[in-house]
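Here are some notes to read alongside the model, with the helix packing and the pockets taken in turn. Have the structure open as you go through them.

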Amino acid sequence: MTESYGLQRFSGRTALVTGAGGGIGSAIARRLASEGARVLVCDVNETAAKQVAEDIAGAGLLAEPLVFDLLDAEACANAVQDVVDRHGRLDVLVNNAGINRRGDLLSLTQQDWDLSFAVNVDALFHLCRAVLPHMIEAGGGAVVNTASQWGIYPAPGHIAYNVSKAAVVAFTKNLARDYAPHKIRVNAVAPGEVHTPMLESGLAQSGRTVADLDALVPFGRIGKPEEIAALVAFLASDEAPYICGSVVEITGAQAVA
C-alpha cells in the first residue's frame with residue numbers, strides 16, 4: 001500500500017532506487033512515487049522488484065521494475081542509459097542496496113569481506129559513474145546513499161559491514177565535494193536499527209527480539225522504514241537545496257547496539 005503525503009516534490013522527475021524490493025528500499029520507492037516521481041524499482045530479486053512496482057502502479061502511481069547486476073559496471077551503464085533513453089532523464093539516484101555479513105575479523109570468510117565491499121561500495125561506484133554524466137548534462141541532480149550509524153560508530157562483531165558503510169560515508173563526502181559545482185547534491189542517511197527483513201534475519205541468529213532492541217533506544221523503539229524514506233525524500237528534494245556532502249543520522253538518539 002502506498003500512502004499519499006500531499007506533496008508533489010518529484011512531479012515529472014525520474015528516480016532510480018536500488019535494493020527497492022526490501023524493507024527500506026521499498027519504502028523509499030513508495031514515498032518518491034507518492035510525491036510524483038516515476039520510480040525505477042531496482043533489485044536483484046526480480047520477483048520482489050516486480051511486486052513492489054506493481055503495488056505502486058496499482059495505486060495509480062508511476063513505477064516499473066528494473067533488474068540488473070549492480071556488481072557489473074557494464075550492466076549498470078546499460079541500465080542507466082536505457083532509463084534515460086526511454087524517459088529522457090534521471091533526476092534522483094538512491095543507492096540503498098546493501099548486505100550485512102556478521103562476524104569479527106577471524107570469523108569472516110574472504111567471500112564475506114569481498115561481497116560486503118562489492119555490494120555496499122563497488123555498486124555505488126558503478127552506478128554513480130553511469131548516472132553522473134547524465135546529471136551533469138541536465139544541469140544537476142540528487143544522489144542519496146544509505147550508509148549506517150555503524151559506519152560512524154562501529155558495533156562489535158560486524159567489521160565487514162561497519163568498514164564498508166564507513167566507506168559509503170567517505171564516498172558520499174568525496175563525491176559531493178567533486179560534483180557540487182555541477183549542482184549535483186550528494187548526501188547520505190545513516191540509520192540506526194530499523195525494523196526490516198534484514199534485521200529480523202539478524203535477530204533470528206542472535207536470539208534477541210525487537211523488544212530487546214526497542215529497550216536500547218531512548219525514543220522507546222527502533223525505526224520504521226517509512227521514517228528513513230521520509231528523510232531520503234527530503235534530501236533528494238528541492239527543499240534541501242544547500243544540503244550537500246552531509247551524512248544525516250536517524251537513530252532515535254540510540255547509542256550503538
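1. Let's begin with handedness: helix H1 crosses helix H8 in a right-handed sense (left-handed if the near helix is turned anticlockwise from the far one by less than a right angle, right-handed if clockwise). Helices (H or I, at least four residues) and strands (E, at least two) are DSSP runs numbered from the N terminus. Please bear in mind that this is a predicted model, where local features need pLDDT of at least 70, side-chain atom pairs count only at pLDDT 80 or more, and totals for chains, interfaces and linings use all residues. Residues are numbered from 1 along each chain as its sequence is written, and side-chain values use heavy atoms, with hydrogens and water left out.

2. On the H1 side, the contact with H8 uses Gly-23, Ile-24, Ala-27, Ile-28, Arg-31 and Leu-32; H8 brings Pro-225, Glu-226, Ile-228, Ala-229, Ala-230, Val-232 and Ala-233. Contact here means heavy atoms within 4.5 Å. By class there are 10 nonpolar, one polar and two charged residues, where Ala, Val, Leu, Ile, Met, Phe, Trp, Tyr, Cys and Pro count as nonpolar, Asp, Glu, Lys and Arg as charged, and the others, Gly among them, as polar.

3. For the geometry of that pair, the axes of H1 (residues 23-34) and H8 (residues 225-236) come within 8 Å and cross at roughly 50 degrees. H1 is therefore oblique to H8. Axes are lines fitted to C-alpha atoms, for helices over the stretch in contact, and angles run from 0 to 180 degrees between N-to-C directions. Angles under 35 degrees count as roughly parallel, over 145 as roughly antiparallel, 65 to 115 as roughly perpendicular and the rest as oblique.

4. H1 has another neighbour to look at: its axis and that of helix H2 (residues 46-58) come within 10 Å, crossing at roughly 25 degrees. That makes H1 roughly parallel to H2. Ser-26, Ala-29, Arg-30 and Ala-33 of H1 meet Val-52, Asp-55 and Ile-56 of H2, a set with four nonpolar, one polar and two charged residues.

5. How do H4 and H5 lie relative to each other? The axes of helix H4 (residues 110-138) and H5 come within 8 Å and cross at roughly 15 degrees, so the two are roughly parallel. Their crossing is right-handed. Among the contact residues are Trp-113, Phe-117, Leu-124 and Phe-125 of H4 and Tyr-161, Val-168, Phe-171 and Tyr-179 of H5. The contact divides into 17 nonpolar, three polar and one charged.

6. Now the largest pocket, with about 1,100 Å³ of space. A pocket is an open set of points on a 1 Å grid over the protein atoms alone, where a 1.4 Å probe fits, with protein on both sides within 12 Å along at least five of seven lines; lining residues have an atom within 4 Å of a point. Of its 46 lining residues, Gly-98, Ile-99, Asn-100, Thr-196 and Met-198 are the closest to the centre. H1, helix H5 (159-179) and helix H6 (197-206) each give two or more residues to the lining, and H6 supplies the largest share, eight residues.

7. The second largest pocket has a volume of about 330 Å³. Closest to its centre, of 19 lining residues, are Gly-140, Gly-141, Lys-183, Arg-185 and Asp-238. Strands S5 (141-146) and S6 (184-191) are the elements giving two or more residues.

Technical notes. Points joined across faces, edges and corners; volume = space filled by probe spheres on them.
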